Amino acid sequence: MSNDEAAGGLPSVWHAARYAARAGLSRVVPALRRVNQAKGFDCPGCAWPEGERRAHVEFCENGAKAVAHEATRALADRSFFTRWPLAKLLQQSDRWLEAQGRIAEPMRRPRGASRYEPITWDEAFLRIGGALRSLPSPSHAAFYTSGRTSNEAAFLYQLFARCFGTNNLPDCSNMCHESSGTGLGESIGIGKGTVSLEDFEVADVILVIGQNPGSNHPRMLSTLEAAARRGCRIVSINPLRERGLIRFKHPQTVRGTLGKGTEIASDFVQVRVGGDIAFLKGVMKELFAIERERGIGIDREFIERHTQGFEAFHRDLGTAQFETLERASGVDRATMRQIAELLAEAGAVIACWAMGLTQHRFGVENVQEVMNLLLLGGHIGRPGAGPCPVRGHSNVQGDRTMGIWEHPKPAFLDALDEEFGIESPRRPGWNTLQTISALAAGEARIFVSMGGNFARATPDTDHVEAALAKPELAVHVATKLNRTHLVAGQESILLPCLGRTERDEQTSGAQFVTVEDSMACVHRSEGRLRPASPHLRSEVSIVAGLAKAVLGGEAGIPWDDFAADYDAIRERIARVVPGFENMNERVREGGFTLPRPPAERRFETSTGRAHFIAIPTPRLELGRGELLMMTVRSHDQYNTTVYGDDDRYRGIQGNRRVVFVHPDELRERGLGADDLVDLTSHFRAEGRSGPAETRTVRGFRALPYDVPRGCAVTYFPEANPLVPASQYADRSFTPAYKSVVITIDRAAPGA
Ligand SMILES: Nc1nc2c(c(=O)[nH]1)N[C@H]1C(S)=C(S)[C@@H](COP(=O)(O)OP(=O)(O)OC[C@H]3O[C@@H](n4cnc5c(=O)[nH]c(N)nc54)[C@H](O)[C@@H]3O)O[C@H]1N2
Ligand SMILES: Nc1nc2c(c(=O)[nH]1)N[C@H]1C(S)=C(S)[C@@H](COP(=O)(O)OP(=O)(O)OC[C@H]3O[C@@H](n4cnc5c(=O)[nH]c(N)nc54)[C@H](O)[C@@H]3O)O[C@H]1N2
Ligand SMILES: [Mo]
């Protein structure tokens, strides 16, 4: 297993080309030339921004895979569903299901039927409309959204749900950056980051915490590489030495494709899983020490003028003992000092993070501790400084801005009501975990999903599959077949939609949509490929069809006009959502950035100031033989869509059912490399006594790896059956996918 390959470079060009070739080059290459161009479509890969200069082809291996995957010529059409009854589909792997290609026309699986059968769009809408209308109360329906949905479709979808009468709008964000939104909202008054790409050009230090950009945000590496070249220090804080951060070759430059690659991370801190708060506390204690010694490192003027809660926070930090912090973080004090020195000398610091911080029981606190660190140095609202939660799905941030939220702000609902003359429900709806409980309890009687793969993305797979089978009807707006479509609902309807890459023709002509990237920049996206099948409809037109079928002419909302011309939707967005004034003109002029008051040091919190928040050090005591497991993405997947079994940058080939652990952990258990093992998770609800709940997955390979002692790593979604749905981040309800307590045993013979 070679593990010394630099991220990017020729191999990544080659891997992308090979993937594209499988999908059909004549279709994929023209599509790739349009990715992230001013008149092209937004890359469906991730939410990293494109920047101003989109002259060259903005290319990354994993974006190319996502495009090729969507642009495939394979079709899951009616003859496919005739040949494949449900029972046979259920035996196929998830990867096989998606490999069958794009769903070609609406399909319905009636209650008790053995297969999906074609249904016309009109009949489908009629059935769904009838079912929703006959519910005893609108709150028996749940409307899930995954984060690829455009602003226009998302805005209509939430409007539809609220006109219907419910805030049950769970979304993938609940499983993703919800902890960032909750944490930042309390700390600085807005649930978003404050930096722009230009800030990366002048930052002195960039922290990359709990994030693997080499695989998940490859275009971010170009930004980081440029920063590293001009001498910016880049610190990776991670239990794994992620390849992309250690050595990177830019795939679009000669130097990049042939050279040895740039060292990106100047410093690597190998923190224990869940050890970030303890580590950051240590760093902050050292920052105060440096201030005492040399008078630098703490921005007293900023703290005085703009913050609240400093005294209590400082007092609390004083009580933390280095010994405890070293043990909890797995990092020694010398390293804490070293990073504190870097920060003390830095004029401007950016902190980037992703799932390594948010998907913990203390995910919200993780984010707030990072914010405390930034506030200490006044690193917000000045060039080159600020928080940067790096989003996942390409429009997950925009969907939230458009009102996909189970507990929307009253001001948003007031504006919606005023614009449309409706009365939105005020009772909070279900988030993703509450939807699972509602499904299990039989309260969620209709489950509608706008994209995504609920059965595989959520924790506690076995429990969720059983719960999903209960609703009377499941409706899926989707591009490709996945497990959720097989297991959800007594009756199920598939509504196939256009993808990002495809031309969207409506009665008024060709349409474009808009998205919002991770840095709050709103811009247009327009597909150019011929749709995979003539029967596909756009997400916007599907939502309009559903709304009409359910609500008819109620409230006089012109659903047909919205579907005919998306400008009509944008006009409404412009009047309802702050920051979108003149949206139609401004997106045509190249897009715009939404206001983020903290970037001007205006904090719209309860006190009008940024808040220091005292965070207790999490107790991560493990029992005998227990390990703390994180689930991560490989280099060859997009969430629940797995492209292949390799994880090149981590040197893994041909198997995803693996568990990475420190070699000594294996030795102590009498296990060797490649031994077959079973993994059991142990969960005890807080304050509850009695035996722990256990969950087991079988047939994993043990892999000795450079991870801290006491930790283990597995892949998402293979390990999801181990993650308890009742273990989540306080206040944000983000599942704790990265703090699962497990034990490892030699595989039970014969199992
Ligand atoms: N190609 C590709 N691109 C994607 C995706 C994809 O699946 N494939 N998914 C998209 C989505 S929805 C998202 S949310 C993002 C996800 O992007 P990431 O957050 O980068 O994805 P994960 O694989 O979950 O990686 C988490 C990282 O955090 C580290 N980590 C885990 N626990 C801890 C901890 O306790 N402390 C610290 N400091 N680090 C920790 C892991 O080692 C890993 O490097 O990517 C988006 N982009
Ligand atoms: N163990 C573990 N579990 C996790 C995570 C983890 O790190 N560890 N990460 C969590 C995170 S961050 C996230 S965001 C969730 C992701 O959860 P989801 O967003 O629900 O899952 P995806 O795999 O992104 O959804 C893929 C499906 O979306 C559909 N699709 C693709 N493109 C389109 C489109 O343009 N329109 C429509 N309508 N449908 C489309 C296809 O049918 C495809 O099968 O998973 C979460 N689950
Ligand atoms: Mo995500």
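Q: Which residue's backbone oxygen lies 3.1 Å from a polar atom of the His611 side chain?
A: His611 sits in strand 22 (residues 610-611); helices (H or I, at least four residues) and strands (E, at least two) are DSSP runs numbered from the N terminus. At 13% relative accessibility His611 is buried, since buried means under 20% relative accessible area, exposed over 50%, and partly exposed in between, using a 1.4 Å probe and protein chains only. The backbone oxygen 3.1 Å from its side chain's polar atom belongs to Glu186.

Q: What pLDDT do local features need in this model?
A: Residues are numbered from 1 along each chain as its sequence is written, chains are lettered from A and ligands numbered from 1 in the order in which they are written, and side-chain values use heavy atoms, leaving out hydrogens and water. The model is predicted, so totals for chains, interfaces and linings use all residues, side-chain atom pairs count only at pLDDT 80 or more, and local features need pLDDT of at least 70.

Q: Which side chain makes a polar contact with that of Arg698?
A: Arg698 belongs to strand 28 (residues 693-704). With a relative accessible area of 44%, Arg698 counts as partly exposed. A polar contact is a pair of N or O atoms within 3.5 Å; within protein, one must be able to donate a hydrogen and the other to accept it, and residues adjacent in sequence count only if both atoms are side-chain atoms. At 2.9 Å, the partner of Arg698 is Asp678.

Q: How many polar residues are in the shell around ligand 1?
A: There are 33 residues around ligand 1, with Asn238, Glu242, Gly274, Asp276 and Asn639 coming nearest; to be near, a residue needs a heavy atom within 4 Å. For sorting them, Ala, Val, Leu, Ile, Met, Phe, Trp, Tyr, Cys and Pro count as nonpolar, Asp, Glu, Lys and Arg as charged, and the others, Gly among them, as polar. The shell has 13 nonpolar residues, four charged and, for polar, 16.

Q: How many bridges pair strand 19 with strand 20?
A: The two strands make a hairpin with four residues between them, and in the turn Ala520 has a positive phi of about 65°. Across the pair, Thr514 faces Arg524 of strand 20. Two strands pair if DSSP finds at least two bridges between them. Strand 19 and strand 20 (residues 521-525) run antiparallel, and their bridges number four.

Q: What is the omega of the cis peptide bond between Phe716 and Pro717?
A: Most peptide bonds are trans. Pro717 is in the loop between strand 29 (711-715) and strand 30 (740-746). The cis bond joining Phe716 to Pro717 has an omega of about 5°.

Q: Is Asp460, with its positive phi, buried or exposed?
A: Asp460 is in the loop between helix 25 (454-457) and helix 26 (461-468). Its phi is near 60°, positive in a residue other than glycine. Relative accessibility is 7%, so Asp460 counts as buried.

Q: How many disulfides does a search of the whole structure find?
A: A disulfide here is a pair of cysteine sulfur atoms within 2.5 Å. Among the cysteines, Cys43 is buried at 4% relative accessible area, and Cys163 is buried at 17%. The number of disulfides found is zero.
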